[in-house]
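Subject: Structure handover

Hello,

Here is the structure for you to look through. My notes on what was found follow below it.

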Amino acid sequence: MTAANQPVPFLDLAGVNGALRGDFERAYAEVLEHGRFINGPEVAKFETEFADYCQAAACIGVGNGTDALELILAGLGIGPGDEVIVPANTFIATAEAVCYVGARPRFVDVLPDTLLLDPDAADAAVNKNTAAIIGVHLFGQMVDTERLLEVARKHSLAFIEDAAQAHGARFAGQRAGSVGVAAGFSFYPGKNLGALGDGGAVVTQDLELADKIRRLADHGRSADSRFHHDLRGRNSRLDSVQAGALSLKLRGLDQGNKGRVRAWEQYVAELPDQVRPVTRHPKAEAVYHVAVVQVDNRDKVCAGLTEAGIGWGLHYPVPCHLDAAYGDFRDSLPVAERAAERILSLPMSPTLSEQQVARVCEVLRSVTE
């Protein structure tokens, strides 16, 4: 098989993690040596590093990104009787977290060019029960935080960042995680900063909120005694092994993001006219967690990619408000619904080569003619 027709994986996790294998093994050996698999020194170290990276005052490592959002909502006292504005185009975990605290998601439409939360739609959706807006930094691009903060301040709402796909992204010079009252991150292995299993974090500028979330994530334990519980909490912890791996990977995050940006820019330059990339806001510095485009006749395009050995994904083919579990919140949101029929995610990794991007574009050209 020649280089010209070699398969191109959707995500090269083996390549991303392979270069650090020796470092991972040494980090694991250290955890085996001290035996503190939960709340070991690696956790505090990573929390400090990631808070600094996000330009935030505090970081709390938790079990996963969904937990991070749920804990933020619980920490803010959002629950039954409250509504939370959520974009219809997001992974279901955003809405899931709202429902788990007993609140109602209010799904709103997205912008046709970026497919991110429409600030005007968010503004129009506010009612007497609205408690918060969750701005989802989807595909590696931050939402328009300036306009959404205006909406939040106008109505005295909490602005929460769902930054699960935006490690290192910026908007108007501000890092993801530094803008809202708090931000939830996922370290699912495929993320720009991915663990070797599940993991997540909350970052915030509010130290009181950080303390409350830390206690909520540790069974609601009292700050004064580990034997007393003054909050109804839960168990959600980032373990020492994952924290150690994340510290190692954080060192190379910016460089990896540069590789993603390079690949995306090549896609934009070489994709055929029938394949339309999602656009970037002029103030956004995106990190391209996934490379999303829109195409007509998607089934035919996907079949052609599969036949050529090109990996692909869909983010996301069913808008949240149309998913069966969320039928109670069904609405007509035409931009998200139309995009769901046309979106397609192309291969994206920090290790993606120029030759691989060219191969993907060549195949797309042949199947869209």
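**The seven-stranded sheet**

An open sheet is formed by 7 strands, in the order β1-β9-β8-β5-β4-β2-β3, with mixed pairing. Two strands count as paired if DSSP finds at least two bridges between them. Helices (H or I, at least four residues) and strands (E, at least two) are DSSP runs, numbered from the N terminus. The edge strands are β1 (58-62) and β3, and each pairs on one side only. From one strand to the next, the twist averages 25 degrees. Axes here are lines fitted to C-alpha atoms, for helices over the stretch in contact, and angles run from 0 to 180 degrees between N-to-C directions.

Before going on, note that this is a predicted model: local features need pLDDT of at least 70, side-chain atom pairs count only at pLDDT 80 or more, and totals for chains, interfaces and linings use all residues. Residues are numbered from 1 along each chain as its sequence is written, and side-chain values use heavy atoms, with hydrogens and water left out.

**Pairs within that sheet**

Take β2 (residues 83-87) and β3 (residues 104-108). They pair in the parallel sense over 5 bridges. Ile85 stands opposite Arg106 in β3. The chain goes from β2 through helix α5 (residues 93-100) to β3, and this β-α-β crossover is right-handed. Right-handed means that, with the strands pointing away from the viewer, the path from the first strand over the helix to the second runs clockwise.

β4 and β5 also pair in the parallel sense, over 5 bridges. Ile134 has Ile160 in β5 as its bridge partner. The link from β4 to β5 runs through α7, again as a right-handed β-α-β crossover. Helix α7 (residues 145-154) lies across β4 (130-136) and β5, at about 145 degrees to β5.

On β5 (residues 158-162), a further partner is β8 (residues 182-186): the two are parallel, over 3 bridges. Ile160 stands opposite Ala182 in β8.

How buried is β5? 5 of its 5 residues are buried, so the strand is largely enclosed by the rest of the structure. Buried means under 20% relative accessible area, exposed over 50%, partly exposed in between (1.4 Å probe, protein chains only). Ala158, Ile160 and Asp162 point one way, Phe159 and Glu161 the other, and all are buried.

α3 lies across β1, β8 and β9 (200-204), at about 130 degrees to β1. Ala51 sits in this helix. Ala51 is buried, with a relative accessible area of 5%. Leaving aside neighbours within four places in sequence, Ala51 is in contact (heavy atoms within 4.5 Å) with Ala56, Ala57, Ala58 and Cys59. Ala51 and Glu208 are 157 residues apart in sequence and 15 Å apart in space, C-alpha to C-alpha.

Two packed helices are described by the angle between their axes and the distance between the axes. For α3 (residues 41-53) and α9 (residues 240-250), the axes come within 8 Å and cross at roughly 40 degrees. The crossing is left-handed. That term applies if the near helix is turned anticlockwise from the far one by less than a right angle; clockwise is right-handed. Residues of α3 that meet α9 include Phe46, Phe50 and Tyr53. On the α9 side, Leu246 and Leu250 are among them.

**The three-stranded sheet**

Another open sheet has 3 strands, in the order β10-β12-β13, with antiparallel pairing. β10 (276-277) and β13 stand at the edges with a single partner strand each, so one side of each is left without a neighbour in the sheet. β10 and β12 (residues 291-294) run antiparallel and are joined by 2 bridges. Arg276 stands opposite Gln294 in β12. α10 packs on the sheet, touching β10, β12 and β13, and makes about 20 degrees with the direction of β12.

**Helix α13**

The 15 residues of α13 (residues 354-368) should span 21 Å at 1.5 Å a residue, and the end C-alpha atoms are 21 Å apart, which agrees. The expected span is 1.5 Å times one less than the number of residues. Its buried residues include Val357, Arg359, Cys361 and Thr368. The buried residues of α13 pack against α10 (253-270), α11 (298-307) and β13 (343-346).

Best wishes
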